[in-house]
Amino acid sequence: SYSPDGQRIVTASLDKTAKVWDANAGQELFTLKGHSDEVNSAAYSADGQRIVTASADQTARIWDAETGQRILTLHGHSDRVWSVSFSPDGKRIVSGSFDKTLKIWDAETGQETLALIGHLHNIKSVAFSPDGKRIVSGSWDKTVKVWDAETGQEMLTLKGHSDYVYSVSFSPDGRRIVSGSGDKTVKIWDISSLATSP
């Protein structure tokens, strides 16, 4: 994941660490250490001040992006955490886990605020919409789901992949979703009806 200003990159690794790099020079700046198992995902907050990581140790962690110091550990999942993302305003974090749930966390306190339940298999990818009102998730149950980020209610289930869904993302205007799957296809979904509904 790039920092918002494009000057740094954070990478997640099976070696149980995340590393922050100078995006121009390619030099390692520091290592985020503390997870006890592989780190599967890492992302910057929109202001570039924090980093969140997801690990197979069943936790997510929030770090100071300037110093590499751990700020908070998010406990609540019962299986490996595979994907994490900050909300656009930086106040919330969404995590997706092999326990088949998504969780929304208060990024300031580390408290779990919502659990999103509906997938039938491991969750591999999660992301907030650009306006922060919706969340998309991709699962090994071969579906993509769209959720209300405030209530946790499932809004849509997108079916069409014939294998695991590995990656999902919103378009910049929030009206489309792209998903990548083990079925060797990438699909683009029109969810503009949600964007225009009251």
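Mentor: Strands (E, at least two residues) and helices (H or I, at least four) are DSSP runs, numbered from the N terminus. The model is predicted, so local features need pLDDT of at least 70, side-chain atom pairs count only at pLDDT 80 or more, and totals for chains, interfaces and linings use all residues. Residues are numbered from 1 along each chain as its sequence is written, and side-chain values use heavy atoms, leaving out hydrogens and water.

Trainee: In which strand is Ser85 found?

Mentor: The protein chain has one helix and 18 strands. One of these strands covers residues 81–86 and includes Ser85. The strand asked for is S8.

Trainee: Is Ser85 buried or exposed?

Mentor: Buried means under 20% relative accessible area, exposed over 50%, and partly exposed in between (1.4 Å probe, protein chains only). Ser85 has 15% relative accessibility, and therefore it counts as buried.

Trainee: Which residues does Ser85 touch, not counting those up to four places away in sequence?

Mentor: Contact means heavy atoms within 4.5 Å. By this rule, Ser85 touches Arg92, Ile93, Val94, Val126, Ala127 and Phe128.

Trainee: What percentage of the residues of the protein chain count as buried?

Mentor: The count covers the 198 residues of the protein chain. The buried share is 52%.

Trainee: What is the radius of gyration of the protein chain?

Mentor: The radius is taken over C-alpha atoms, and the globule rule is 2.2 Å times the number of residues to the power 0.38. With 198 residues, a compact globule would therefore have a value near 16 Å. The protein chain agrees with this, at 16 Å.
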